[in-house]
Amino acid sequence: MLTLVIGGAASGKSEYAEGLLLAAPGPRYYLATMEPMDGECRARIARHRAMRAEKGFVTIERYTALAQLELPERGSLLLEDLGNLAANELYSPAGAGPDGALEAILGGVEHLRAQCRGLVVVSNEIFAGGRDYAPGTEGYLRLLADAHRALARRADRVCEVVCGLPVDYK
């Protein structure tokens, strides 16, 4: 089962997504996509890794090329988050670049889905501000929007978390 969970900053989307998998049989994997760019990022990653371990998650860190990732055994997976993955595929030297980022994201998710009993993908709400964006930012947001639409079509369930409450769309 593929579930897409979207929400704004501090909406409770990650906590909600974790809760979906805590009820699932193990093993439970947490696929973290934030690259450790500096000391602050590394400290945040260490804090999150410890919190996840307490909840019974095995953390896997992977920033690009999800289609090459093999899980140790069949289980349930939380991918956190699609926004970081899109930025990594778009801008990182190891990423697929502008011409291949969407295919890399979607192919990676499908590859992981085939290895899981349940896959929950967490992503950020986008375009809610109604502002003009710089050209580079606009391209990133368009990539993320394309990924949202494609994953929503493929997903068994799509929900948005608002103030900690899930609103189901599919």
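Q: Which elements do the buried residues of α3 pack against?
A: First, the terms: buried means under 20% relative accessible area, exposed over 50% and partly exposed in between, with a 1.4 Å probe and protein chains only. Contact means heavy atoms within 4.5 Å. Helices (H or I, at least four residues) and strands (E, at least two) are DSSP runs, numbered from the N terminus. In this predicted model, the buried residues of α3 pack against β4 (75-80), α4 (101-113), β5 (116-124) and α5 (135-154).

Q: What should I keep in mind about the model and its numbering?
A: The model is predicted, so local features need pLDDT of at least 70 and side-chain atom pairs count only at pLDDT 80 or more, while totals for chains, interfaces and linings use all residues. Residues are numbered from 1 along each chain as its sequence is written, and side-chain values use heavy atoms, with hydrogens and water left out.

Q: How many of the residues of helix α3 are buried?
A: Seven of the ten residues in α3 (residues 82-91) are buried, so the rest of the structure largely encloses this helix. They are Leu82, Gly83, Leu85, Ala86, Asn88, Glu89 and Leu90.

Q: Could we take Leu82 as an example? What is Leu82 in contact with?
A: Leu82 is buried, with a relative accessible area of 0%. Leaving aside neighbours within four places in sequence, Leu82 is in contact with Ile105, Val121, Val122, Ser123, Leu144, Ala147, His148 and Leu151. The C-alpha atoms of Leu82 and Val109 are separated by 9.9 Å, and these two residues are 27 residues apart along the chain.

Q: Where does Thr3 lie, and is Thr3 buried or exposed?
A: Thr3 lies in strand β1 (residues 2-7) and is buried, at 6% relative accessible area. Beyond neighbours within four places in sequence, the contacts of Thr3 are Leu20, Leu119, Val120, Val121 and Arg157.

Q: What pattern does the chain follow along the sequence?
A: The chain has five helices and seven strands, in the pattern β-α-β-α-β-β-α-α-β-α-β-β. Of the 170 residues in the chain, 46% are buried. Among contacts with a separation of 6 or more, 72% join residues 24 or more positions apart.

Q: How do I read a pocket, and how much space lies in the largest pocket?
A: Rolling a probe the size of a water molecule over the atoms shows where empty space is left. Here a pocket is an open set of points on a 1 Å grid over the protein atoms alone, where a 1.4 Å probe fits, with protein on both sides within 12 Å along at least five of seven lines; lining residues have an atom within 4 Å of a point. About 480 Å³ of space lies in the largest pocket. Of its 19 lining residues, Ser14, Tyr30, Arg44, His48 and Glu80 are the closest to the centre. The elements giving two or more residues to the lining are α1 (13-22), β2 (28-32) and α2 (39-54), and α2 has the largest share, five residues.

Q: Which peptide bonds are cis?
A: The bond from Gly26 to Pro27 is cis, with omega near -10°, and Pro27 lies in the loop between α1 and β2. The bond from Glu80 to Asp81 is also cis, with omega near -5°, and Asp81 is in the loop between β4 and α3.

Methods
Grid points are joined across faces, edges and corners, and a volume is the space filled by probe spheres set on the points.
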